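Me: I'd like to learn how to read a protein structure. Could we go through one together, feature by feature?

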Amino acid sequence: MRPIGFSTGALAYSDFRRGLEILRDKRTATIELSALREAELAPLVAALDSLDLSPYNYVSVHAPSKYQEGREAEILDLLRRVTSHGWPIVLHPDVIHNVAAWNSFGSLLLIENMDKRNNFGRTARELSDIFEKLPQAGLCFDMGHCRQVDPTMNESYLILRDLGDRLRQVHLSDVNSRSTHDPLSSSSIDAFEKVACLIPENIPVILESPVQEKDVEQEIEQARFALPVPPSSGDRGKILSTTLHRAIA
């Protein structure tokens, strides 16, 4: 069964403690602690040792998505306290100024593909250019972002084909024309299912759907419809060929 959980920020805006409280009894062992806004990072890091994260087999932290270049060194210092726990850092590539400093995180750095508001980091080719500079980094594949960039799902196929060996985490939600996250819809579920077989069963899936507490478990079930478990064995070339046909159909 796929490990599927939530971002705390999707459930409780700027309040990781409330997000954890909502998820306490929701039968998930997968979580992303959100510090998407710069002001959220220091309080989150200060609280890490006091948080009860024992229910979780997988924990990641989403780094701030915007900050001034002069603040980068402090951001990096705070995030080193996260990686000392062995937890990966999810990062938007457009906030990187000092590439060498970010390279120090090695495989614990996960680069997220961007939505249509950005002018790079959206496609397989653009991501490949980023990974040339960050050779040890992994990929956090945001399926909603990629579907917004290319609704045909062909670009999703290309990213998973070309960069699948870097895949470490998935972000899942619908993404609307304003580039904000929505709960999964029937159309997004149908679209994501087209490439689900290229996502290994063990890859953690983090929902970014902004849902009410009462709807958390239902959204996790919706995610299972969107990402059915791929075959446990089989020829990769045949799977790629079949997936490409479904993506462009």
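Reply: Happy to! Let's start with S179, which is buried, with a relative accessible area of 6%. Buried means under 20% relative accessible area, exposed means over 50%, and partly exposed is in between (1.4 Å probe, protein chains only). Before we go on, this is a predicted model: local features need pLDDT of at least 70, side-chain atom pairs count only at pLDDT 80 or more, and totals for chains, interfaces and linings use all residues. Residues are numbered from 1 along each chain as its sequence is written, and side-chain values use heavy atoms, with hydrogens and water left out.

Me: Where is S179 placed?

Reply: First, the naming: helices (H or I, at least four residues) and strands (E, at least two) are DSSP runs, numbered from the N terminus. S179 sits in the loop between β8 (174-175) and β9 (181-182). The phi of S179 is near 65°, a positive value in a residue other than glycine.

Me: Which value does phi of S14 have, and is S14 buried or exposed, or partly exposed?

Reply: S14, which is not a glycine, has a positive phi of about 60°. With 37% relative accessibility, S14 counts as partly exposed. You can find S14 in the loop between α1 and α2.

Me: How do I read the burial of a helix, say α10? Which of its residues are buried?

Reply: List the buried residues, then look down the axis. In α10 (residues 216-226), V216, E219, I220, A223 and A226 are buried. They cover an arc of only 110° around the axis, which puts them on the same side of α10; the arc is that of the directions from the helix axis to the C-beta atoms. The face turned away from that buried side carries the exposed residues Q218 and F225.

Me: What do the buried residues of α10 pack against?

Reply: Here we need contact, which means heavy atoms within 4.5 Å. The partners of the buried residues of α10 are β1 (4-7), α1 (8-11), α2 (16-23), β7 (167-172), α9 (186-193) and β10 (205-207).

Me: At what angle do α9 and α10 pack?

Reply: Axes are lines fitted to C-alpha atoms, for helices over the stretch in contact, and angles run from 0 to 180 degrees between N-to-C directions. α9 and α10 pack at an angle of about 40°, with their axes 8 Å apart. That makes α9 oblique to α10. As for the cut-offs, angles under 35 degrees count as roughly parallel, over 145 as roughly antiparallel, 65 to 115 as roughly perpendicular and the rest as oblique.

Me: Which residues of α9 and α10 meet?

Reply: From α9 come I189, F192 and E193, and they meet Q222, F225 and A226 of α10. The residues of this contact divide into four nonpolar, one polar and one charged. In this scheme Ala, Val, Leu, Ile, Met, Phe, Trp, Tyr, Cys and Pro count as nonpolar, Asp, Glu, Lys and Arg as charged, and the others, Gly among them, as polar.

Me: Which residues are buried in α9?

Reply: In α9, S188, I189, A191 and F192 are buried. Seen down the axis, the buried residues of α9 fall within an arc of 165°, so they line one face of the helix. They pack against α7 (143-149), β7, β8 and α10.
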